[in-house]
Amino acid sequence: MHCTTKQFWCERRGWAIIRELCWEIGVVDVSNGLALRGVRKAFRNLVAVDDLTFTVPRGSMFGLLGANGAGKTTTLRMILNILSPDAGAITWDGRPITELPRRAFGYLPEERGLYPKMKAGEELVFLAGLNDLSRAEATKRAHEWLGRMGLGDAWNRKVEELSKGNQQKVQVLAALLHDPEIMLMDEPFSGLDPINTDVLREALVRRRSQGRTIIFSSHRLEQVEELCDHVAIIHRGRLLATGLLADLKRRTGRTLIELAFATAGNGEAPDLGSFVSSLVPYHISVTERRSDGLRLELGDGATSEQVLSMAIERGPGPVKRFEVVEPSLQEIFIAAVRAVDPAAVEQLAAEGAISGSKVLTEG
């Protein structure tokens, strides 16, 4: 059934009320994973997190999304018990998060948290020891992981002597070396080259397959979309949407089409202007424009068959791609924020924070 964006977000709010009632009568199962209920945190007059309620299933890859200042880092620090919530509860498998031992967590902060004067290998062994890993086992794992990350020669080098990208690798290893149940990662791919991004991505997927729970926050929405099965979108400390990413995509009720045309014989990009103009009377809008094609959203009454027929008859060249697609995570994010704060979306767009690059914001 087709529904409008407004209907979708009304449905979301309805489910939020039902979820809260389920909490009250004990229907929601919080015995298998991480659960936040009604969590609030304020710093003097600034409310950083307000009535935050969502669950992170055990063994999931969970993306925590929001623009700068949304409350992501504050939320991660409350899960870690670095900060205490002013109200609400955070539990793991039904137990208060404060009862978990420190070794249950692995934390990668966005800012550097390493001792620059220590040697890389020595630092990894030291930090793993703080999480109850024996020196022998920590040494073995550190050698293995440094080699896997292309840092086999960095064992006896001071951290400050490494490049920023290699420092990031060491910091990532410090978060996962002791094999924690819950990993919280704030911008884990920052500073990594494509090869080591793939290495870390594979490591995270492997850990998830072993039953570990991974929560990460990233400005790169395409990375979140590729890796995460569950997400939560927060804005100004409040939850806008949460759940399986696949479910969020389906519930938008939007029909989107990726359309591309072949280049002309002289190698020039197709002229899309007149074709775009011809779409307006049929309630077909352009959500993204590229050199050789368009991403289209169909309004009331428009069909994919109609678009294909128009592309063949009126397009600037042969159709080389035509595909009905689901909304991207960026489009879901924009719709969620626009429903409660249209000015924020305009501001993010003006800053270049939401665009084809799928970046939320820096910092």
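Helices (H or I, at least four residues) and strands (E, at least two) are DSSP runs, numbered from the N terminus. By this scheme, Arg236 is placed in the loop between strand S9 (230-235) and strand S10 (238-244). The structure is a predicted model, in which local features need pLDDT of at least 70 and side-chain atom pairs count only at pLDDT 80 or more, while totals for chains, interfaces and linings use all residues. Residues are numbered from 1 along each chain as its sequence is written, and side-chain values use heavy atoms, with hydrogens and water left out.

**Backbone with positive phi**

- Arg236 has a phi near 50 degrees, a positive value in a residue other than glycine.
- With a relative accessible area of 57%, Arg236 is exposed; exposed denotes over 50%, buried under 20%, and partly exposed the range in between (1.4 Å probe, protein chains only).
- Glu187, in the loop between S7 and H6, also is a residue other than glycine with a positive phi, near 55 degrees.
- Glu187 is buried, at a relative accessible area of 10%.

**Aromatic pairs**

- The structure holds four aromatic pairs, defined as rings of Phe, Tyr and Trp (its six-membered ring) whose centres lie within 6.5 Å; planes under 30 degrees apart count as stacked, over 60 as edge-to-face and the rest as tilted.
- One of them is edge-to-face because the rings of Tyr115 and Phe126 have centres 6.2 Å apart and planes at 65 degrees.
- This pair links distant parts of the chain, 11 residues apart: Tyr115 is in the loop between strand S6 (105-108) and H3, and Phe126 is in helix H3.
- Tyr115 is partly exposed at 45% relative accessibility, and Phe126 is partly exposed at 37%.
- Phe189 and Phe216 form an edge-to-face pair, with 6.2 Å centre to centre and 80 degrees between the planes.
- Phe189 lies in the loop between strand S7 (182-186) and helix H6 (194-209) and Phe216 in strand S8 (residues 213-217), so their pair ties together parts 27 residues apart in sequence.
- Phe189 and Phe216 are both buried.

**Charge over a ring**

- Arg148 lies over the face of Trp145, 4.2 Å from the ring centre; the criterion is NZ of Lys or CZ of Arg within 6 Å of the ring centre and within 35 degrees of the ring normal.

**Asp247**

- Asp247 belongs to helix H8 (residues 245-251) and is partly exposed, at 24% relative accessibility.
- Asp247 and Asp229 are 18 residues apart in sequence, and their C-alpha atoms are 9.9 Å apart in space.
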